[in-house]
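Subject: Structure handover

Hello,

The structure is below, with notes on what was found in it. Please look it over when you have time.

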Amino acid sequence: MSIQLPAWGLALIALTPVACARERPSRSSGNELAPRGEMAPLSSSAGCSDEDLQRSARQTLQGLATYYHDSLAGNPTASGEPYDPDRLSAAHRTLPFGTRLRVTRTDSATSSVVCVTVNDRGPFAGRKRVLDVSRRAAEQLGMIAAGVVEVRIDVL
């Protein structure tokens, strides 16, 4: 038994922005996390080395951040890596893969900081949204309940 989809259904599937694999640079081995299964201790500056925290930014961006839904776990990112909700990673429209970012939540009384590595393209939900972060980064930023939060992004 075969299932036939209308032409618009096939087009919709082909255009779904789960991963945009146009650009495949070399993979970065400098991810800040311990091997899968070993979680780094949670802190107010998760994934940030002392050098990351003291480093001056090459560029600063501001806007809204969202996070990846858990259902995307295992799907390929634009860099070719599978999305892992336990890694501190992010999607940005234009920054090169492997770029380190210091992300600071700016819309709450207590500022949370997390350092992530760009490994995907997005967000595509609107121009005010500048970053999609992994589930673990979202937890560190305290944005799970809110879903969308204001952030400052320092490109390191």
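Fold and contacts

Among contacts in the protein chain (heavy atoms within 4.5 Å) between residues at least 6 apart in sequence, 78% join residues at least 24 apart. This is a predicted model, in which local features need pLDDT of at least 70 and side-chain atom pairs count only at pLDDT 80 or more, while totals for chains, interfaces and linings use all residues. Residues are numbered from 1 along each chain as its sequence is written, and side-chain values use heavy atoms, with hydrogens and water left out.

The protein chain has three helices and seven strands; helices (H or I, at least four residues) and strands (E, at least two) are DSSP runs, numbered from the N terminus. Their order from the N terminus on is α-β-α-β-β-β-β-β-α-β.

The protein chain has 156 residues, and 41% of them count as buried. Buried means under 20% relative accessible area, exposed over 50%, and partly exposed in between (1.4 Å probe, protein chains only). The chain exposes about 9,000 Å², with 53% of it supplied by carbon and sulfur atoms; accessible areas come from the Shrake-Rupley method with a 1.4 Å probe, and for residues only the protein chains shown count as cover.

Nonpolar core

A nonpolar core is a set of buried Ala, Val, Leu, Ile, Met, Phe, Trp, Tyr and Cys residues joined through side-chain atoms within 4.5 Å. The largest one has 24 residues, of which Leu101, Val103, Val114, Val116 and Leu131 touch the most other members. At least two residues of this core come from each of β2 (59-67), β4 (100-105), β5, β6 (129-133), α3 (135-141) and β7 (149-155). β7 gives the most, with four residues.

What does valine 103 contact, leaving aside its neighbours within four places in sequence? The partners are Ser112, Val113, Val114, Val116, Leu131, Leu141, Val151 and Arg152.

Disulfide

There is one disulfide in the structure, a disulfide being a pair of cysteine sulfur atoms within 2.5 Å. The bond joins cysteine 48 to cysteine 115, with an S to S distance of 2.0 Å. Cysteine 48 lies in the loop between β1 (45-46) and α2 (50-54) and cysteine 115 in strand β5 (residues 113-120), so the pair ties together parts that are 67 residues apart in sequence. The torsion about the S-S bond of cysteine 48 and cysteine 115 is about 100 degrees, so the disulfide is right-handed. Cysteine 48 counts as buried at 13% relative accessibility, and cysteine 115 counts as buried at 0%.

Salt bridges

Side chains of opposite charge can pair when their charged atoms come close. The criterion for a salt bridge is a side-chain nitrogen of Lys or Arg within 4 Å of a carboxyl oxygen of Asp or Glu. The whole structure has six salt bridges, including the following.

- Aspartate 107 pairs with arginine 105, the closest N and O atoms being 2.5 Å apart. Aspartate 107 is partly exposed at 34%, whereas arginine 105 is buried at 11%.
- Arginine 135 pairs with glutamate 139 at 3.2 Å between the closest N and O atoms. Both lie in helix α3, four residues apart, about one turn of the helix. Arginine 135 is partly exposed at 23%, and glutamate 139 is partly exposed at 44%.
- Arginine 152 meets aspartate 154 at 3.4 Å, N to O. Arginine 152 is partly exposed at 29%, whereas aspartate 154 is buried at 4%.

Salt bridges that share partners also join Asp70, Arg135 and Glu139 into one network.

Regards
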